[in-house]
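Dear colleague,

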Amino acid sequence: MRASCIPLQATLLNTPDIELWPGGLLHARSNAHARLLARAQRVLRRKRDGQYLAAALAEGLQPLIPNLGREPGLASAKRALAQDAARHRNGLERVATLPLHRMQVRLEILGLDADRYAARSGLALIPEPTQMRFAGFDRWRRPLWLDPGAARAWGRMQDAALEAGIVLEAISGYRSHDYQLGIFERKLARGQTIDEILAVNAAPGFSEHHSGLALDIGTLDDPPAEQSFEATPAFVWLQTHAPGHGFHMSYPRDNPHGIVYEPWHWRYASFTI
């Protein structure tokens, strides 16, 4: 679903512990927060649990939690704010990647070793980008964040599909390492084993979604992230046209990574037209 009221040039600034969202995209959780968020240029959001930390206003940073100064990662977030202001002044855009922050700690929580998992799966560690572009909304009206090139390509591909009478919906885009860990923790709490989860989800740090280049794609009247998607006209259209927009299916049948067939998961690589 494409956005109409949020500028498509809006960016998400990313630091190891804190995301900096553009104002207008996060829902307030209290009346006091509503007033601050309505004026915010950026909102600092803890990646681990989604807690709103502070609102960046024209007059400075306004805390949304007690003891903001003790928040891990706050210094990095403030540097990202300053760099963003410089980028707007100088008209520059540089997308780098973050260090693989706390990667081994996350994997140890799950009882996994990074080197052994990489050797077994054939997957590589994927760092998170320092910024991403707003690419509209997903099926549930959540903001969709992608690498700038992938965001532009996704918009063009959606438009081309619509001209052919095909509706493509985003199911999921960028996910942080912490978000991926949360997926595992929720599934473990429901009684799934690590091996069962790894057949569907790459381990934290190894998911293509961390890069901002991967999209889970769905269509109207089809459940999200199910193999039934391959029977839809949308999937048939993607098989023919997605490579021309730079998107390729990552996990076909019998892929070497031990991940189940995922006709909905597509990764942006480059344009071929």
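In this predicted model, α6 supplies the largest share of the lining of the largest pocket, 6 residues; helices (H or I, at least four residues) and strands (E, at least two) are DSSP runs, numbered from the N terminus. Local features need pLDDT of at least 70, side-chain atom pairs count only at pLDDT 80 or more, and totals for chains, interfaces and linings use all residues. Residues are numbered from 1 along each chain as its sequence is written, and side-chain values use heavy atoms, with hydrogens and water left out.

The lining of the largest pocket comprises 16 nonpolar, 7 polar and 15 charged residues (Ala, Val, Leu, Ile, Met, Phe, Trp, Tyr, Cys and Pro count as nonpolar, Asp, Glu, Lys and Arg as charged, and the others, Gly among them, as polar). A pocket here is an open set of points on a 1 Å grid over the protein atoms alone, where a 1.4 Å probe fits, with protein on both sides within 12 Å along at least five of seven lines; lining residues have an atom within 4 Å of a point.

α6 also gives the most to the lining of the second largest pocket, with 5 residues. Of the 26 residues lining that second largest pocket, Arg175, Ile183, Lys187, Asn201 and Asp216 are the closest to its centre. Its lining has 11 nonpolar, 6 polar and 9 charged residues.

Turning to the helix, just after α5 the residue Gly165 adopts a positive phi of about 80°.

Yours sincerely
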